[in-house]
Amino acid sequence: MTATVAPFPDRVPQAGAPPGGLPKAPPPPGLAVAAPLPDVIPVRKHRGKVWTYVRRNPTIVVGGVMLLIVFLMALLAPWLGTVDPTALAPAKRTRMPSAQYWFGTDMLGRDVYSRVVYGARVSLLVGFAVAFLASVAGLAVGLVSGMVRWLDGVVMRVVDGMMSIPPILLAIALMALTRGSVQNVIIAITIAEIPRVARLVRGVVLSLREQPYVEAAVTTGTRMPAIIWRHILPNTLAPMTVQATYICASAMITEAILSFIGAGVPPSTPSWGNIMAEGRALWQVKFYIILFPAIFLSMTVLAVNLVGDGLRDALDPRMAKDV
Amino acid sequence: MLGYIGRRILATIPVMAVVGLFVFSLLYFAPGDPAAIIAGDQASPEDIIRIRATLGLDRPFLVRFGEWSWHILHGDLGTSIFTNLPVTTMIGQRVQPTVSLMLVTLVFAIAVAVPLGVVAAWKAGSLIDRLVMGLAVTGFSVPVFVVGYILAYVFALQLGWLPVQGYTPIEQGLWPWLSHLILPAVTLGLVYIALIARVTRATMLDVLSQDYVRTARAKGLAQGPVLFVHALKNAAVPIVTVIGIGIALLIGGAVVTETVFAIPGLGRLTVDAILRRDYPIIQGIVLLFSFVYVLVNLAIDLFYTLLDPRIRY
């Protein structure tokens with residue numbers, strides 16, 4: 001007997017069936033009728049859904065909230081009681097923090113609070129731009145290296161070479177070639193970070209190539225682009241997302257270091273690094289010029305790292321909590 | 001074994017060649033025409049072309065790269081644009097402070113980080129573990145110069161325990177030398193400690209769950225020997241690996257630390273060279289640091305067989 005039974009006849013509209021669903025057959029005599037199945041299986045309402053998520057991923061949420069605050073600060077900078085961050089006022093230089101100048105003023109009389117608030121823009125821009133660009137470029141290099149065997153050797157030697165130059169030194173050397181600007185800083189740090197992503201992606205690709213389901217896809221004649229799109233890319237996404245957050249954090253630090261030693265963002269654009277660079281000469285007497293941007297920079301980088309740790313625990317259970 | 005060592009050493013040649021190519025391109029693509037600078041303001045275009053020919057600047061990229069590599073292999077890193085001194089001389093003058101700083105940092109960081117990681121793994125999940133892991137995340141997040149200024153402000157300016165800035169050569173006594181390096185080493189070491197402690201903890205967690213550790217405990221061995229003799233020995237390979245990889249962090253951090261603490265080392269030289277656009281100096285420093293980094297990691301690779309006799313090549 002080969003009767004096919006639809007699980008929920010009254011929910012599957014069938015061709016030719018009357019709009020009210022199939023007419024119900026009268027129950028056979030002598031049999032009890034079970035209560036009809038409900039139309040929709042009820043989903044238990046999670047009142048504490050948000051709370052459950054917070055409890056499971058405290059780091060992601062704490063980091064995310066901190067990051068959101070910095071993001072809003074950067075976005076709403078003009079409305080946060082700031083003045084022009086580049087306005088000079090030589091008569092009011094190196095004032096201590098007060099009700100009027102919350103974080104004091106620097107050597108040129110500029111309001112440190114305003115400069116710090118506007119500086120968030122540079123840090124976030126550099127962090128996220130580098131994370132995105134380095135991920136995309138690294139993904140491309142890693143895919144090519146992992147999939148095209150004859151190129152692998154050459155590409156990996158170049159990557160090895162680039163990775164044997166300490167990243168900050170590499171960024172410094174690249175910055176020496178160009179004028180200091182936010183754009184050039186982003187490019188220099190991106191180039192320094194690409195090899196790491198490429199290595200990671202290549203590793204994932206090489207291990208995936210050996211997976212039976214990828215072999216099966218190859219055997220059944222799936223074309224290479226489809227294999228990459230369907231099988232390889234989705235599996236690189238998790239480790240790459242985690243890597244991208246760490247790149248974001250390290251790019252923010254590198255930007256600050258470049259600006260701090262005078263090879264990064266020029267003083268006309270306030271960034272946490274160059275505010276500290278200008279406080280350098282006076283740090284023994286006017287410590288606050290360095291202290292405030294330092295606190296903001298550290299907190300922002302910490303926030304990104306917390307999000308990264310949380311993502312890693314959530315996306316890669318094998319690594320969770322161990323490292 | 002010998003074959004492996006040979007192959008491993010040969011494998012560093014292409015790596016250094018890539019580094020060399022990158023560093024050479026730096027000067028090749030650097031803005032500003034050296035011939036025009038040498039010729040001066042009064043020179044005619046013909047003069048500049050003639051000088052370019054005498055300097056060999058008109059020859060193809062690969063020819064010049066080959067010649068440049070030849071000089072490098074003979075220990076000639078070129079001449080500083082700013083001081084007209086050979087780059088090797090200028091680097092030589094600045095080597096001692098940087099090497100001192102790095103060695104002190106290395107010893108300090110390993111001495112702190114490995115026990116921290118071991119204890120964190122032993123007491124996994126406890127308050128100590130969380131503190132160590134918290135310190136590790138903080139260490140990754142607080143930039144080197146921030147740590148440096150806060151330490152210098154508190155311990156040198158406010159408390160007056162240690163000198164604020166500067167460097168004293170070791171020839172003038174051990175304590176003056178060391179006292180100038182304590183704060184910079186703690187500063188530079190923080191990221192490094194975070195990195196090593198994290199890896200030590202992760203590896204130790206793995207090792208501590210193995211049967212032979214349970215056997216060691218079952219036969220009544222004290223906690224100390226179990227952790228530091230039985231377990232740590234077997235966790236050594238990843239820890240030593242990360243110590244080697246972390247050298248890159250130390251090199252990058254040294255540039256900043258030396259700026260904060262006014263130490264006249266290679267990092268300070270790098271910063272000055274950037275501000276003056278002294279490309280030969282930048283080239284020399286990048287080459288030197290990369291070479292040291294590659295050598296250290298080569299040595300560690302070869303060291304594995306001593307750490308873990310199971311590794312055979």
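Two residues are in contact if their C-beta atoms, placed from the backbone, lie within 7 Å. The exercises below use this term for a predicted model.

**Exercise 1. Describe chain B as a whole: which elements does it have, what box does it fill, and what share of its contacts join residues at least 24 apart?**

Solution. 
- Step 1, elements. Chain B has 14 helices and 0 strands.
- Step 2, extent. Along the principal axes, the C-alpha atoms of chain B take up a box of roughly 85 × 55 × 35 Å.
- Step 3, burial. Chain B has 313 residues, and 37% of them count as buried.
- Step 4, contacts. Taking contacts in chain B between residues at least 6 apart in sequence, 72% join residues at least 24 apart.

**Exercise 2. How do helices H6 and H8 of chain A pack, at what angle and with what distance between their axes?**

Solution. 
- Step 1, geometry. Helix H6 (residues 182-209) and helix H8 (residues 224-260) of chain A pack at about 155°, and their axes are 9 Å apart.
- Step 2, direction. Angles over 145 degrees count as roughly antiparallel. H6(A) and H8(A) are therefore roughly antiparallel to each other.
- Step 3, handedness. The crossing in which H6(A) passes H8(A) is right-handed.
- Step 4, residues. On the H6(A) side the contact includes A:Val185, A:Ile189, A:Glu193 and A:Leu208. On the H8(A) side it includes A:His231, A:Asn235, A:Glu255 and A:Leu258. By class, the contact of H6(A) with H8(A) has 14 nonpolar, 5 polar and 2 charged residues.

**Exercise 3. How many residues does each chain give to the contact between chain A and chain B, and which helix of chain B gives the most?**

Solution. 
- Step 1, counts. Chain B contributes 41 residues and chain A contributes 37 residues.
- Step 2, elements. Among the elements of chain B that give two or more residues to the side touching chain A are helix H1 (2-28), helix H8 (174-208) and helix H14 (279-307). H14(B) gives the most, with 7 residues.
- Step 3, classes. The side of chain B that touches chain A has 33 nonpolar, 6 polar and 2 charged residues.

**Exercise 4. At what angle do H4(A) and H1(B) pack, and which residues make the contact?**

Solution. 
- Step 1, geometry. The angle between H4(A) and H1(B) is about 70°, and their axes are 8 Å apart.
- Step 2, direction. Angles of 65 to 115 degrees count as roughly perpendicular. H4(A) and H1(B) are therefore roughly perpendicular to each other.
- Step 3, handedness. H4(A) and H1(B) cross in a right-handed way.
- Step 4, residues. H4(A) brings A:Arg157, A:Val158, A:Asp160, A:Gly161 and A:Met162 to the contact, and H1(B) brings B:Pro14, B:Val15, B:Val18, B:Val19 and B:Phe22. The residues of this contact of H4(A) with H1(B) are 7 nonpolar, 1 polar and 2 charged.

**Exercise 5. Is A:Val155 buried, exposed or partly exposed, and why?**

Solution. 
- Step 1, place. A:Val155 is in helix H4 (residues 149-163) of chain A.
- Step 2, cut-off. A residue is buried with 20 or more other C-beta atoms within 10 Å, exposed with 12 or fewer, and partly exposed in between.
- A:Val155 counts as partly exposed because it has 18 C-beta neighbours inside 10 Å.
- Step 4, contacts. Beyond its neighbours within four places in sequence, A:Val155 is in contact with A:Val141, A:Val144 and A:Ser145.

**Exercise 6. How many residues of helix H9 of chain A are buried, and what covers them?**

Solution. 
- Step 1, count. Helix H9 (residues 272-279) of chain A has 8 of its 8 residues buried. Among them are A:Trp272, A:Asn274 and A:Glu278.
- Step 2, cover. The cover over the buried residues of H9(A) includes helix H3 (112-147), H8 and helix H10 (288-315) of chain A, together with H7 of chain B.

How values were computed: Residues numbered from 1 in each chain as written. Chains lettered and ligands numbered in written order. Predicted model: local features only at pLDDT ≥ 70, side-chain atom pairs only at ≥ 80, totals over all residues. Helix = DSSP H or I, 4+ residues; strand = E, 2+ residues; numbered from the N terminus. Axes fitted to C-alpha atoms, helices over the stretch in contact; angles between N-to-C directions. Parallel < 35°, antiparallel > 145°, perpendicular 65-115°, else oblique. Left-handed = near helix turned anticlockwise from the far one by under 90°. Nonpolar A, V, L, I, M, F, W, Y, C, P; charged D, E, K, R; others polar.
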